[in-house]
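Colleague: I have a chain open here and would like to go through it slowly. Could you take my questions one by one?

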Amino acid sequence: MSGEQQPVRHSTGAARRGRWLTFTLYTLVVLLLATAGGGFVLYTRLNANISSSELYTGTTGSAGVQQADDQGRFPVNVLVIGTDSRSSKANCKLGGACDETHSNADVELLVHVSADRTNITAMSIPRDTMTDLPGCDDPATGESVGERYGQINTSLNYGPGCQVAAVHQLTGITIDHFVLVDFAGVIAMSDATGGVEVCVDNNVYDTYSHLKLSKGKHTLKGEAALQFVRTRHGFGDGSDLGRTYGQHAFLSAAIRALKDRGTLLNPTKLYGVANAATKALTVDEKLSGIPDLVELAGEFNKVDTDRITFTTMQTVPDPENPNRVVPADAAQKLFDTIIADRSLSKDKTAATSTATSSASPTPQATTSTFFSVQVRNRSGQDGRAKRLTRALKTEGYIAATDSSSGDDQATSAILYNGSRQLAQAEQLAADLNMPSSLLATDEEVDAVTLVVGEDWTKGTTYPKITKAQREEALSDAHASSADKSGCVPVSTQNTVTYQGVSMSPVRAYELATDVPDSDA
């Protein structure tokens, strides 16, 4: 630990460590636009910049198996990791603390792109979260670590595949890709659109990140942008949780700028940015080439900004250490919603996007393929199994109510046993409008079994997420939409130190008249 003052609540440790927002969505869209006009030559040049590593290096388990939706389309989950590595001279100069040899995950953003490409949920995981961590083998160093309890961001010390293992173990969410970014590309990328406009609701001077801004809107470039996304002590309650406010606001503004400004059509300018960006990337082996990154960027770019929702995993103070946090009970609801591929964006009043993936849709069921289905009620509502049994019989299924007792279960499921029943389970899911992510193998079932959970208390087809369910999943998750950003709340607590005195960043701004503003 350094000698810096600890924030009032939920400190994340030494402020000298890198505190910056992932620019990965930003970077991918830049790559998409930059290479679109440059063809093979740009592919070849930029390919050589990118480093790759194994997706999963846990000693047990996996990164999960992605499930298709009822039309055969797959969601995509990308773990974006921001590292505080000082492994290069550029990163050492920007981050300071050049004697540090380990790399922690200062930013963890799990980005879920829905199977139908109509919405994105980007969930921040606070770096100071305490949890059970998996054992890992680091392919780069040969170093191994066993299972342990600790701070989640330390898993990156054993490679990005270990960080993937830790996040998957914590959330249960399948991770398809990771993108690891260091300090080096941040400044160049922030300049790509002529700067990014942000807003703060009060004067702020964070004496640790050196961000100094007056109340109101500012267009940030270069090191000022880096200061903004590294700021923790200046926002919210001065903790890692407050820092996500600035991260989400900055990334939302960057995405809007990339989509809206005509300057992005300048191939020369974009190549310079893409060249710097790719040098700052380490990706999993399935994303190790520019064509793969551009394809992923294209999937991101299909989603309108008002359908991109930023959230933060719900936490509570760690009972053993008030400067750390543990997942709150509410976090499981957020995880389950992402796993079920249910949108957390507010419903549009107009028709939803028609964007689709290239996967072939699953054929609709026919009367010649109906089969036996057992229906269990675990919803907490009397009569649900009988109601759905009658509905399935009307549709031609050989349905029967399973009267065996059992505890209520939060999420509905379709259980199947073996490959033959898998095809039947997929058909049943399609007919009930259930996402295929709710299919699960169970060697104890004799027939395909529909389990009706607490998320399905009425109707005979699986519901889209309701307003109440959305609010429950986002409770205390500090949700915001990428189509608009309010002013980031500046901390009013004594979270910084100026000239040896503890004070608020508002007061520090007033006193530090000899320090120029970051956007000066």
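Colleague: How many disulfides does a search of the whole structure find?

Modeller: The search finds two disulfides, a disulfide being a pair of cysteine sulfur atoms within 2.5 Å. Please keep in mind that this is a predicted model, in which local features need pLDDT of at least 70 and side-chain atom pairs count only at pLDDT 80 or more, while totals for chains, interfaces and linings use all residues. Residues are numbered from 1 along each chain as its sequence is written, and side-chain values use heavy atoms, with hydrogens and water left out.

Colleague: Which cysteine is joined to cysteine 136?

Modeller: Cysteine 136 is joined to cysteine 162, with an S to S distance of 2.2 Å. The pair links distant parts of the chain, since cysteine 136 is in strand S6 (residues 136-137) and cysteine 162 is in helix H4 (residues 160-171), 26 residues apart. Helices (H or I, at least four residues) and strands (E, at least two) are DSSP runs, numbered from the N terminus. The link of cysteine 136 and cysteine 162 is right-handed, with 85° about the S-S bond.

Colleague: Is cysteine 162 buried or exposed?

Modeller: Cysteine 162 counts as buried because its relative accessible area is 0%, where buried means under 20%, exposed means over 50% and partly exposed lies in between (1.4 Å probe, protein chains only).

Colleague: And where are cysteine 199 and cysteine 487 in the chain?

Modeller: Cysteine 199 is in strand S10 (residues 196-200), whereas cysteine 487 is in the loop between strand S23 (480-481) and strand S24 (496-498), 288 residues apart. These two form a disulfide with their sulfur atoms 1.9 Å apart, and the link is right-handed, with 55° about the S-S bond. Cysteine 199 is buried, because its relative accessibility is 10%, but cysteine 487, at 41%, is partly exposed.

Colleague: Changing topic, which strand holds threonine 311?

Modeller: Threonine 311 is in strand S15, which covers residues 308-312, and this threonine is buried, with a relative accessible area of 0%. Leaving aside neighbours within four places in sequence, threonine 311 is in contact with residues including Thr121, His248, Leu334 and His478, where contact means heavy atoms within 4.5 Å.

Colleague: How many helices and strands are there in the chain?

Modeller: The chain has 14 helices and 25 strands, and buried residues make up 57% of its 520 residues. Among contacts between residues at least 6 apart in sequence, 74% join residues at least 24 apart.
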